[in-house]
Amino acid sequence: MAGPNSGAECILAYNSGTFGSPTWTTLTRAVDVDWDAPVTWGNISSRFSLWAMEVKALQGLTVNFGYRRRAGVSDTVFTAIRGYAFGARTKAELAIADGVIATTGTQYIRATYQFEMSRTEPLEDGCQDNFSAHLTYEEDTGTGREPSWTVV
Amino acid sequence: MSSMPTHGSEARPIELANFVVSEIRAASLETKLDESQVERVYLPTAAQSETGKLKALVAVSGVRMAWDNRSEWEYQIDIDVGIVFRTPLNSGRDATKDYDAGMKLAEQIADLYRFRRAGVQKDFRIAGVQFGAGGDQPYIPEHISEFNQFTSVVRLTFIQLRGE
């Protein structure tokens, strides 16, 4: 359905296939998902003008999300993303989509990340595993990957 | 401790209320109760017509739902256990002893649920146990003055995640 939607209707997925032939596996138990693409700015001011001027230098990309793991229940999705984050340098792709990835009109960001994780166990609220994915370098047949914005 | 019910043919709040009834009946409380003293009701009557009988009336008092994660809703179900004891009109000072029995039962039921480790039950977990009549009041004083009745409510809040 087109129109403004909530986070509950968005899709966060990891690629369990290959870069050339992706298989997007949804993180169904994701909680809040945030992505940020901060930019560093360079100063290019000079005496020519009163105005301070900047130039876009580098752009970063990080994705933060929570995951609601169930104690005592086997969860292949959690096992995969925990494997990227805990004690490993595994690089994996994420797709952050505003709807079902196969649906026409859905837009998603695709990029390759390395991961870190933490966990919160509040006394009076649900436990949550928290992941932070940072953009990293990977190449395929000598070509470095860059993030892409896809409109299905 | 008995295990929590798996979903049967009743609505989940009703299954939960029935489970609370069965747990209270089976619990080893200092206050001995027979089955007729613990029952599930839809409309707890404020003024009990029956006098001289300590009762625990179990009712569903609230159902709330909110998104927990992208595939599951969190259901919060409030089950109220109303502890009532209506004394005969000529009880006089003996009413105090009867009301003490009501307070004791309310405390035992609250402790029955408070002192269990949350998360033991896979499908439901206890999220809150409130004792009394709201705020800091342990019983409803108006019921004593209007009905010669001790009334206290133990509110149990259960949480369950439900998805497709």
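Visitor: What share of the contacts in chain A with a separation of 6 or more comes from residues 24 or more positions apart?

Guide: Such residues account for 56% of those contacts, where contact means heavy atoms within 4.5 Å. This is a predicted model, in which local features need pLDDT of at least 70 and side-chain atom pairs count only at pLDDT 80 or more, while totals for chains, interfaces and linings use all residues. Residues are numbered from 1 along each chain as its sequence is written, chains are lettered from A and ligands numbered from 1 in the order written, and side-chain values use heavy atoms, without hydrogens and water.

Visitor: What makes residues 12-26 of chain B a helix, and how does the span of α1 compare with the expected one?

Guide: Helices are DSSP runs of H or I with at least four residues, and strands are runs of E with at least two, numbered from the N terminus. Helix α1 of chain B has 15 residues, so it passes that cut-off. The expected span is 1.5 Å times one less than the number of residues; α1(B) reaches 21 Å from its first C-alpha to its last, close to the expected 21 Å.

Visitor: Why is α1(B) called mostly covered?

Guide: Because buried means under 20% relative accessible area (exposed is over 50%, partly exposed in between; 1.4 Å probe, protein chains only), and 11 of the 15 residues in α1(B) are buried. Among them are B:L16, B:F19 and B:V20.

Visitor: Which residues touch the most other members of the largest nonpolar core?

Guide: They are B:V20, B:V81, B:I83, B:V154 and B:F158, in a core of 29 residues. α2(B) gives the largest share, seven residues.

Technical notes: A nonpolar core is a set of buried Ala, Val, Leu, Ile, Met, Phe, Trp, Tyr and Cys residues joined through side-chain atoms within 4.5 Å.
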